[in-house]
Amino acid sequence: MTKPYQRPSADEPAWWFICAGGEIVLDDDHQPPHGRAEELPLPTLDEYQIIWLGEVRERSCYLVLADYGDDAFAALGEFQSLRPLIEKHDEEMFSMASRAKQITEFVSTHRFCGRCGARMQAVDWELAMQCHTCKHRCYPRISPCIIVAIRKGKKILLARGERHRPGLYSVLAGFVESGETLEQTLAREVMEESGIKVKNVQYVCSQPWPFPNSLMMGFTAEWESGDLHFDPFELEDGAWYGFDELPDIPLPGTIANRLIETVKAQIEQESET
Ligand SMILES: [Zn+2]
């Protein structure tokens, strides 16, 4: 059941997702603070908007919408990006933190109505913002993306985008455009970014990716035709790599890593039989 505006009681042990400016308070163990509100050095929460997010390990998770630079939470930890949670490989906590970050982004970008400009207010029975002047209602935005690991024989296509950290190579990805099926997005993005056609597209898994609000839908595919020709606006380098010569790839816990491992396992299985 959704109960977004349930407030915590003082004696309820809970996880606290304190978010501001795309960052979250993490303690020395790179975890969101955990405990009873009455025992933690929390400021008076009456002044903060609080949203119930769900449960992790049978404890409620509360989002506290803080202001950027708010030092009232300094005794609990530091505002940080979500990346330490990926590095810890704690997928359950990372996915709840993703939810917290995306809802924070939603609330902070929907203070005013996009249709008539009046102030928006939170709806109290579901997570939405409503304009009481023109009745326009908005829900947290989710942007679907495809991400695909492509193989050619025993090699995998890896490329680096301008925004990747130095030395990192990954699989191809791109946003779904209005009116497209996932299959059409995949064929278009692969052709635009790398100049090749693919076949045998198989769905593998998905992952919410809160930078800022993507839902990554992961596939594997096989090269069908064409030579690699990278779009210089999207990718600066790339190649077919054997698994014994992989460059620096995304961390375990990311969907890109899981897709690369999926292709690796397929190739290993084939060479055994
Ligand atoms: Zn309006």
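A residue is taken as buried when its relative accessible area is under 20%. By this criterion E189, which in this predicted model has a relative accessible area of 9%, is buried, and the residue is found in helix α3. The UniProt annotation "binding site", taken from an unreviewed entry, covers E189 together with E193 and E234. Although these positions span 46 residues in sequence, no two of their C-alpha atoms are more than 10.5 Å apart, so they gather at one spot.

The largest pocket has a volume of about 1100 Å³ and is lined by 33 residues, with R163, H164, A173, W209 and M216 lying nearest its centre. Two or more lining residues are given by each of the helices α1 (83-87), α3 (182-194) and α4 (255-272), and likewise by each of the strands β10 (143-152), β11 (155-161), β12 (172-175), β13 (197-209) and β14 (214-225). Among these elements, β12 provides the largest share of the lining, namely four residues. In terms of residue class, the lining divides into 18 nonpolar, seven polar and eight charged residues. Because domain 1 (13-108) and domain 2 (143-272) both give residues to the lining, the largest pocket lies between them.

The second largest pocket holds about 350 Å³ of space, and of the 18 residues that line this pocket, L65, A66, T104, S108 and R111 are the closest to its centre. The elements that contribute two or more residues to this lining are β1 (13-20) and α2 (91-108), with the largest share, five residues, coming from α2. The lining of the second largest pocket comprises six nonpolar, five polar and seven charged residues.

A further element of the model is an open sheet of three strands, arranged in the order β7-β8-β9 with antiparallel pairing. Within this sheet β7 (120-122) and β9 (137-138) stand at the edges, each with a single partner strand, so that one side of each is left without a neighbour in the sheet. Strand β7 is joined by three bridges to β8 (residues 129-131), the two running antiparallel, and in this pairing the bridge partner of A122 is M129 in β8.

Notes
Residues are numbered from 1 along each chain as its sequence is written. This is a predicted model: local features need pLDDT of at least 70, side-chain atom pairs count only at pLDDT 80 or more; totals for chains, interfaces and linings use all residues. Side-chain values use heavy atoms; hydrogens and water are left out. Two strands pair if DSSP finds at least two bridges between them. On a 1 Å grid over the protein atoms alone, a cavity is a set of points where a 1.4 Å probe fits but cannot get out, and a pocket is an open set with protein on both sides within 12 Å along at least five of seven lines; lining residues have an atom within 4 Å of a point. Grid points are joined across faces, edges and corners, and a volume is the space filled by probe spheres set on the points. Ala, Val, Leu, Ile, Met, Phe, Trp, Tyr, Cys and Pro count as nonpolar, Asp, Glu, Lys and Arg as charged, and the others, Gly among them, as polar. Domain bounds come from an automatic or database domain assignment. UniProt positions are given in the numbering used here, feature names are shortened, and annotations may be inferred rather than shown by experiment. Buried means under 20% relative accessible area, exposed over 50%, partly exposed in between (1.4 Å probe, protein chains only).
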